[in-house]
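Student: Please take me through the ring packing in this one, slowly and with the cut-offs spelled out.

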Amino acid sequence: MSSERLETIRLTARFKLNGEVDESLFEVFRAIVNGLLSYAHSRGITSFKRLKAEKYHELRQKYPNLPSHYIYTACQMACSIYKSFRKLTRKGKAKGNPQFRKDVIMLDDHLFRLDLEDWTIRLSTQNGRIKLRILHDEYHEKFRDWKVCQAWLVKRSNGIYLNVVFSRNVGIERSKDVIGIDINENNITIATTTGFVRFETMEREIRTAYFVKRCKIQKKIKCRRAKAKILAKYRNRERNRVLNIYHKVANEIVKISLKTNSAIALEDLRNIRSKINYSREINGRLHRWSFRKFQQILEYKAKLNGIEVAYVDPRRTSSLCPICGRKLSPNGQRLLKCKCGLEVDRDVVGSWNIRLRGLKMWGVSVPPESPSMNPEAGRFSATKVSKIT
Ligand SMILES: [Zn+2]
């Protein structure tokens, strides 16, 4: 019955490098990218092929000691920066000339060799090949059997980092059922074949607490530098705390999905135009970040376990009756009511509709005994509440 197909998943890992990389490499690379950018800008070139064809030989002569593939990657970066600059200009969000100011170098497979057996990287530079140790922890172990795609060398105030994109092929099982995932500001609710589960993330409380903390810091500390440093520290802590919760919830959902042989259906907010007022919560910039971040975490964890993931149309998932399709009206604080008699918890209805759309997409007929087809099930708030701490 189970037909398996292969899918490639990509994941980025960050390594801190132990050792020195000649500062001038960053400067030279930045100068090349900026030169390419102004050339591309003055002629409206968005094609990597054309940019490389017109500038490669000149740059080779100008930087004879620099390994030639840095010119390739600089062309790639210049093209992608220029393309996004053009997009922003059209929207009126950028003007003037495109500029590249970061201490970032793009690497391709000719420029570096990663060895995860003895945790080193060999890097080609204008002064020849250098070997650097990479710092690693438990998290990095899993990448040993992954394929290395591409990498970026990044200079930060506390050292040099290597961001590596790894890829791996995984076999994805054809599923017999679907779990609908609804991501709210303070909880993540899922609709499964046996009922609803609500995971309390308490994200709003966490965000508010950190917001208050930041306000206090703003007032208390006068020195701009010290302030920026402390604010950054708290921003990192906040982010890590939220991410930690996301990982835990995603692990729980993957477990349920494996147990029930279910695919995972998520709302597709990637193509929603800014005009559509999807919901007040999701319009918040921070929440939008959170929302996509959780989806990404869940998606790769699911695929690593061979679970199918699909995105469904997000429109009105939280306002239509999952039984008859009419518009729901509010009835008290947490409940929504329909003319057909359904009374349903606000958090439950989203995941319920998402599951139904997922089932339709998979062409799975819904077993009538399924609780998320049963009007009675919605009367209760999530049948199981899991607190994630
Ligand atoms: Zn109804």
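Tutor: Let's start with Tyr82 and Phe85, which are both buried (under 20% relative accessible area with a 1.4 Å probe, protein chains only; exposed is over 50%, and partly exposed lies in between). Keep in mind that this is a predicted model, where local features need pLDDT of at least 70 and side-chain atom pairs count only at pLDDT 80 or more, while totals for chains, interfaces and linings use all residues. Numbering runs from 1 along each chain as its sequence is written, and side-chain values use heavy atoms, with hydrogens and water left out.

Rings of Phe, Tyr and Trp (its six-membered ring) pair if their centres lie within 6.5 Å; planes under 30 degrees apart are stacked, over 60 edge-to-face, and the rest tilted. That rule gives 10 aromatic pairs. One of them is stacked Tyr82–Phe85, at 6.5 Å centre to centre and 25° between the planes. Because they sit 3 residues apart in helix α3 (residues 69–90), about one helical turn separates them (helices are DSSP runs of H or I, at least four residues, and strands are E runs of at least two, numbered from the N terminus).

Phe143 and Phe166 are stacked too, at 4.5 Å and 20°. This pair links distant parts of the chain, 23 residues apart: Phe143 is in the loop between α4 (138–141) and β6 (147–156), Phe166 in strand β7 (residues 159–173).
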